[in-house]
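Me: Could you walk me through the packing of this protein, starting with the aromatic residues?

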Amino acid sequence: MPRREFVCEVHAPLERVWEFHNKIDSLLLLTPPQLRARILGERPPMQEGALYVIRVLIFGFIPVIMKTRIVVYEPPYGFTDRQEAGPFRRWQHRHRFEALDPNKTRLSDSVEYEVPMGWLGTIADRAFVRRNVEALFAYRHRRTKEILEQT
């Protein structure tokens, strides 16, 4: 099962980085616009057990509904979400926040995923899924820095 790690440093205090990521609506700011993400239904406060339903467009026109549950919640150091339904056979995303100094935070995203469809999924992962996951997190980290490093 592929596992990817993505790390960046944000020139903002841990509390500010946590506060931003602790709101489900921030996900919309961190999702590439071509995915046209929307949060459907209720938006419970971020906490262990909270379930979010998110609609995205894959390839710009294929609607996909993802149900994601918060399975670990450790303010202000991180949380883990797990896909309960969606395009992946398995998807678990661990968000970690570490204060490097009073005004700098390390943001780490660890993702474990499995593409469905057996050997066809393995080929799809090598051909384009992995590249799309990497692009997604590059975008997320770039946007996080743009938003939180503003004065």
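**Aromatic pairs and packing**

Reply: Phe79 is buried, as is Phe97, where buried means under 20% relative accessible area, exposed over 50% and partly exposed in between, with a 1.4 Å probe and protein chains only. This is a predicted model, in which local features need pLDDT of at least 70 and side-chain atom pairs count only at pLDDT 80 or more, while totals for chains, interfaces and linings use all residues. Residues are numbered from 1 along each chain as its sequence is written, and side-chain values use heavy atoms, with hydrogens and water left out.

Me: How do the rings of Phe79 and Phe97 pair up?
Reply: Their pair is tilted, at 6.5 Å centre to centre with 40° between the planes; rings of Phe, Tyr and Trp (its six-membered ring) pair if their centres lie within 6.5 Å, and planes under 30 degrees apart count as stacked, over 60 as edge-to-face and the rest as tilted.

Me: And what about Phe88 and Tyr113?
Reply: Those two form an edge-to-face pair, 5.6 Å centre to centre and 70° between the planes. Phe88 counts as buried because its relative accessibility is 18%, and Tyr113 counts as buried because its value is 0%.

Me: Which cluster do ring pairs make?
Reply: Ring pairs link Phe6, Phe88, Trp91, Tyr113 and Phe137 into a cluster.

Me: Switching topic, what does Val17 touch, leaving aside neighbours within four places in sequence?
Reply: With those neighbours set aside, Val17 is in contact (heavy atoms within 4.5 Å) with Val10, Ala12, Phe97, Thr105 and Leu148.
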